[in-house]
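Student: I have a new model open and would like to learn how to read it. Could you take me through it step by step?

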Amino acid sequence: MTKVEIVNKLPYSDPFLFVDQITEVSQKHIVGHYTFDESHDFYKGHFVNFPVTPGVILLECMMQIGLVSLGIYLLRDKNFDLKSNSTVAMVDNEARFYKPVFPNEKVTVVSDLEYFRFHKLKSKVKMLNEAEEVVCSGTFSGILKPGDE
């Protein structure tokens with residue numbers, strides 16, 4: 001499975017797709033990137049005259065790259081199609097925020113697998129800004145279940 005195929009299998013589209021590119025992927029690791037375009041609607045009101053990317057959107061970006069994209073890769077040999085009959089759900093997250101992300105800022109999400117068993121995927125995920133400073137980090141887990149099981 002190629003990095004482009006992983007992105008194409010994500011069950012999201014604009015304006016809620018927060019993955020531009022996957023640059024590394026293996027059985028235990030994934031790295032992806034996203035640029036938060038200033039045209040996103042959430043910048044209009046968060047915060048007035050000082051737009052900052054909402055934390056929940058940062059978490060969503062981390063989940064899309066660090067959990068869902070990694071899960072798609074890990075289940076590449078199964079009938080795992082999130083756009084039709086498979087299941088994905090966040091189970092748990094612990095996150096800490098350290099720095100803001102501003103409009104037009106490119107972030108890098110790095111995820112290292114802790115375990116994947118019984119359809120539960122758990123990873124340590126961090127987001128870096130363009131200066132390679134940690135913006136936020138956490139441990140995330142979710143259920144990824146192919147539709148034929």
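Tutor: Gladly, and we can begin with charge. Lys and Arg count as positive and Asp and Glu as negative, while His and the chain ends are not counted. The place of a charge is NZ of Lys, CZ of Arg, CG of Asp or CD of Glu. Here, the mean positions of the 16 positive and 20 negative charges of the protein chain lie 7 Å apart.

Student: What should I know about the model itself?

Tutor: It is a predicted model, where local features need pLDDT of at least 70 and side-chain atom pairs count only at pLDDT 80 or more, although totals for chains, interfaces and linings use all residues. Residues are numbered from 1 along each chain as its sequence is written, and side-chain values use heavy atoms, leaving out hydrogens and water.

Student: Which pattern does the protein chain follow along the sequence?

Tutor: Helices (H or I, at least four residues) and strands (E, at least two) are DSSP runs, numbered from the N terminus. This protein chain has two helices and six strands, in the order α-β-β-α-β-β-β-β.

Student: How do strands S1 and S2 pair?

Tutor: Two strands pair if DSSP finds at least two bridges between them. S1 (residues 21–26) and S2 (residues 29–36) are antiparallel, with five bridges. A two-residue hairpin joins S1 to S2, and Ser-26 stands opposite His-29 in S2.

Student: Is Leu-70 buried or exposed?

Tutor: Buried means under 20% relative accessible area, exposed over 50%, and partly exposed in between (1.4 Å probe, protein chains only). Leu-70, in helix H2 (residues 55–74), is buried, with a value of 0%. Buried residues make up 43% of the 149 residues in the protein chain.

Student: Which residues is Leu-70 in contact with?

Tutor: Contact means heavy atoms within 4.5 Å. Leaving aside neighbours within four places in sequence, the partners of Leu-70 include Ser-26 and His-29, along with Ile-30, Leu-113 and Leu-121. The C-alpha atoms of Leu-70 and Val-25 are separated by 7.4 Å, though these residues are 45 apart along the chain.

Student: What is the phi of Phe-118?

Tutor: Phe-118 has a positive phi of about 50° although it is not a glycine. Phe-118 lies between S4 and strand S5 (120–128) and is exposed, at 75% relative accessible area.
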